[in-house]
Amino acid sequence: MRIRMWLLQVLVVCGMTMAPGLPAMAATSAASASTGGADSASRGSSASGAVSPESGASATDAQDGVELRFMDRPVVTFRGVIGGATPAVRAARAQSVLESLPTSAFDAPVDVLRASLGSVSGVAFRVQDRILFAMTADDLAPGDPRTLDAAAEDAQKRLQVAFAARREQLHWPTILRGVALSALALVVLAMLLISIGRMRTRLEVRLQSAFEKRILQRTARTFDWTGSAVHLVHQIVQIGAVCLALAFGYLYLIFVLMQFPASQPMAGRLSAFLWTLVDRFGIGVAASIPGVMTVIVIFLLTRALQSLINNVFDAVQSGRLTIPGMHPETAGATRRVVSVVLWGLAITFAYPYMPGAQSDVFKGLSVLLGLMVTLGSSGIVNQLMSGMVVIYSRALKKGDLVSIGDATGVVVSVDALSVKIVNLAEQSLTIPNAVVVASTVRNFSAQGHERAVALSTTLTIGYDTPWRQVHAMLIEAAGHTPQVAPQPAPYVLQRALSDFYAEYEIFATLRDPSTHFAALSALHENIQDVFNRYGVQIMSPHFQKQPDSSLTIPPEHWYPAPARAPAGERPPASVSPAASQEQGAGHAR
């Protein structure tokens with residue numbers, strides 16, 4: 001009996017010395033205190049005095065630990081250094097020993113032996129006559145309340161589970177059953193995929209029919225939504241079908257991996273990932289319900305307030321309501337400004353309650369969007385502010401005939417960034433609001449709704465034509481112009497008396513302000529016709545030298561046709577040039 005115990009001790013010591021990852025240790029039983037055990041302990045003590053060259057790597061491994069896995073199952077985690085072997089080296093050598101075990105070893109029980117190496121004590125794991133690996137107290141995680149014996153017992157159970165999986169993996173009926181169940185599951189998966197394809201076609205038809213009945217009939221008045229609706233429904237159903245097919249494929253993969261002992265841990269990890277994802281999604285949805293409800297309430301209140309604001313501004317714009325300081329022309333722009341401010345406040349209040357608003361991704365996108373707006377909005381803000389000036393100054397509105405700088409035409413729209421007009425050549429011109437503010441705006445229609453709009457033109461006639469005749473001819477030409485209103489009556493002003501001619505300007509009232517340029521052209525035509533009819537040339541004279549006789553008009557010629565002398569008024573008598581000179585000399589004396 002003593003010889004058998006001594007041989008067992010020698011076998012343990014030799015196995016631990018030659019086993020991968022294990023230094024030479026002396027195995028002792030509960031009753032051994034012999035000299036041979038002491039000698040082996042002293043030999044191990046001398047061996048443990050060697051300094052490992054991998055001290056840096058061992059320190060890292062000691063903190064994190066290196067896990068030993070067999071059949072993809074965790075067995076034990078090495079953290080301590082034994083005989084200069086780092087945890088990584090110990091794990092690699094133990095893995096090599098486990099992989100080299102014969103098939104018969106997996107049916108044998110796993111023995112746990114108490115062993116010591118000098119002052120270091122631990123346990124060794126043995127199968128048949130082969131030492132697998134050893135554990136010491138240094139392999140326990142910091143803060144682990146378990147004792148070394150409890151940890152060794154847990155490692156023994158996990159090792160036995162891994163051995164059982166290895167036995168099942170080498171069992172042909174297990175493999176055949178796994179293959180058969182995998183093939184059956186593949187058939188079921190194929191049937192499910194075929195069913196998904198058929199359901200997708202039917203669902204597309206039903207959704208398209210419902211979409212056309214309930215939505216398109218209400219909205220498709222000016223635009224045909226059929227093509228876009230078909231494409232949208234097709235994409236939604238297609239994405240849903242692909243997601244469902246991928247989910248079934250994922251479940252099929254988990255089921256197949258569960259049929260083979262070697263791949264069962266991977267199947268467990270895939271299943272745990274799926275359930276963790278579902279659990280996280282469910283918890284996230286449940287946690288976001290109060291925030292979503294708050295956001296819905298905020299937006300419903302904002303929408304109700306927006307409806308009230310629209311009604312008020314519609315009444316102001318139509319003239320049914322009068323608010324001091326607000327004009328019908330600016331009601332639309334004011335409504336847009338108030339709406340933007342209102343929805344901006346609503347988004348600000350609802351932002352903290354939005355799902356994912358506190359995530360780093362959402363915050364990063366918000367910062368990026370704010371930076372882009374800050375860097376690229378200087379010109380846009382300038383145009384927007386200029387648009388506010390254009391609108392609230394009421395310098396022009398849609399339908400007005402205006403002249404902005406060199407552009408003249410009818411205003412077709414006053415937008416937030418620009419003003420669009422159509423000129424006389426039917427060309428569409430877009431003028432930025434900043435240019436409109438910086439230019440002089442001539443509005444030919446601004447006073448048309450309240451009082452008459454004047455039309456005027458200027459011409460110069462020599463002094464040899466009586467001014468009364470010029471006045472009469474200009475008023476007659478205005479009367480022949482169809483766009484000119486009879487009341488108020490046209491009138492003529494003499495703007496200047498130049499060296500060679502007098503400057504006349506006729507003013508008339510337009511029936512329609514939008515016909516300004518057509519009326520001006522017709523007035524010019526009639527002026528030419530009237531002056532030609534009475535034999536008066538429109539060319540202004542320019543003298544190169546003093547004429548031989550004075551160009552004067554005697555009083556009897558002051559009222560040539562079409563001018564008429566006032567009733568009861570007689571023209572004064574003419575004064576000869578000589579008498580005029582003598583009268584001047586008398587005054588001089």
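These legends accompany several close-up views of a predicted model.

**View A. The β5 and β6 hairpin.**
Let us start with two neighbouring strands. Strand β5 (residues 120–127) pairs with β6 in the antiparallel sense, over 6 bridges. Across the pairing, Arg126 stands opposite Ile131 in β6. The hairpin has 2 residues between the strands, and Gln128 takes a positive phi near 55° there. How many residues of β6 are buried? The count is 6 of its 7 residues, and β6 is thus described as mostly covered.

**View B. The largest nonpolar core.**
Here the view turns to the side chains of a core with 31 residues, the largest nonpolar one. Phe125, Leu132, Phe133, Met135 and Phe163 touch the most other members. At least two residues of this core come from each of β2 (66–70), β3 (73–78), α4, β5, β6 and α5. Which element gives the largest share? That is α5, with 8 residues. As a general point, nonpolar side chains in soluble globular proteins tend to be buried together.

**View D. A buried salt bridge between Asp139 and Arg90.**
The closest N and O atoms of Asp139 and Arg90 are 2.9 Å apart, and the two residues form a salt bridge. This pair links distant parts of the chain: Asp139 sits in the loop between β6 (130–136) and α5 (148–169), while Arg90 belongs to helix α4 (residues 87–99), 49 residues apart. Are the two partners buried or exposed? Asp139 is buried, and so is Arg90.

**View E. A salt bridge between Asp144 and Arg146.**
In this pair the closest N and O atoms are 3.1 Å apart. Asp144 is partly exposed, with a relative accessible area of 24%. Arg146 also counts as partly exposed, at 34% relative accessibility.

The side chains of Asp314 and Arg335 meet in a salt bridge, with 2.3 Å from N to O. The pair links distant parts of the chain, with Asp314 in helix α8 (residues 264–318) and Arg335 in helix α9 (residues 328–350), 21 residues apart. Asp314 is partly exposed, and its relative accessible area is 32%. Elsewhere, salt bridges that share partners join Glu67, Arg69, Asp72 and Arg269 into one network. A search of the whole structure finds 13 salt bridges.

**View G. Helix α14 and its buried face.**
Helix α14 (residues 516–533) has 18 residues and reaches 26 Å from its first C-alpha to its last, close to the 26 Å expected at 1.5 Å a residue. Its buried residues are His516, Ala519, Leu520, Ala522, Leu523, Asn526, Ile527, Val530 and Phe531. Seen down the axis of α14, these buried residues fall within an arc of 165°, so they line one face of the helix. What do they pack against? Their partners are β7 (401–404), β12 (454–462), α13 (467–479) and β15 (501–510). Just after α14, Gly535 takes a positive phi of about 70°.

Notes:
Residues are numbered from 1 along each chain as its sequence is written. This is a predicted model: local features need pLDDT of at least 70, side-chain atom pairs count only at pLDDT 80 or more; totals for chains, interfaces and linings use all residues. Side-chain values use heavy atoms; hydrogens and water are left out. A salt bridge is a side-chain nitrogen of Lys or Arg within 4 Å of a carboxyl oxygen of Asp or Glu. Helices (H or I, at least four residues) and strands (E, at least two) are DSSP runs, numbered from the N terminus. Buried means under 20% relative accessible area, exposed over 50%, partly exposed in between (1.4 Å probe, protein chains only). The expected span of a helix is 1.5 Å times one less than its number of residues. The arc is that of the directions from the helix axis to the C-beta atoms. Contact means heavy atoms within 4.5 Å. Two strands pair if DSSP finds at least two bridges between them. A nonpolar core is a set of buried Ala, Val, Leu, Ile, Met, Phe, Trp, Tyr and Cys residues joined through side-chain atoms within 4.5 Å.
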